[in-house]
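Morning, everyone. Please look at the screen, and I'll walk you through one chain.

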Amino acid sequence: MTTQQNFAEIVDSADRLSIEEQENLIQILQNRLRDRRRAERVRDIQEAQNEFAEGKCYPATPQQLMEEILL
């Protein structure tokens with residue numbers, strides 16, 4: 001079964017829910033997405049902090065970044 005088929009089945013199943021249940025489902029999915037994005041940001045920040053601590057990167061001004069990009 002492909003991902004598109006699974007997605008279509010989920011959408012069809014959601015259509016069979018009451019309006020209140022659909023609203024609850026939307027809220028649950030929004031909360032889960034928010035939590036996943038937050039966890040991704042935390043991982044990115046931790047990775048950047050580790051790279052900085054290991055000397056793999058250094059602080060730079062926006063001007064320095066633009067000069068580096070344009071070279």
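Buried would need under 20%, and exposed would need over 50%. Keep in mind that this is a predicted model.

Where does L65 sit? L65 is in helix α3, which covers residues 62-70. Together with M66, I69 and L70, L65 makes a nonpolar surface patch of about 440 Å².

E40, D44, E47 and E51 gather on the surface as a patch of negative charge. Take E40 from that group. E40 lies in helix α2, residues 19-53. E40 counts as partly exposed, because its relative accessibility is 42%.

Next, the whole chain. How many helices and strands does the chain have? There are three helices and zero strands. Reading from the N terminus, the order is α-α-α.

What about overall dimensions? The C-alpha trace spans about 55 × 25 × 25 Å along its principal axes. The radius of gyration is 21 Å, whereas a compact globule of 71 residues would have one near 11 Å.

On to burial. Of the 71 residues, 1% count as buried. The accessible surface comes to about 6,900 Å², and carbon and sulfur atoms account for 55% of that surface.

Last, charge. The chain has 9 positive and 14 negative charges.

Definitions and conventions: Residues numbered from 1 in each chain as written. Predicted model: local features only at pLDDT ≥ 70, side-chain atom pairs only at ≥ 80, totals over all residues. Heavy atoms only, no water. Patch = residues over 30% accessible without salt bridge, like charges linked within 9 Å, V, L, I, M, F, W, Y side chains within 5 Å. Areas by Shrake-Rupley, 256 points an atom, 1.4 Å probe, with all protein chains shown as cover. Salt bridge = Lys/Arg side-chain N within 4 Å of Asp/Glu carboxyl O. Lys, Arg positive; Asp, Glu negative; His and termini not counted. Charge placed at Lys NZ, Arg CZ, Asp CG, Glu CD. Helix = DSSP H or I, 4+ residues; strand = E, 2+ residues; numbered from the N terminus. Buried < 20%, exposed > 50% of the residue type's maximum accessible area, 1.4 Å probe, protein only. Rg over C-alpha atoms; globule rule 2.2 N^0.38 Å.
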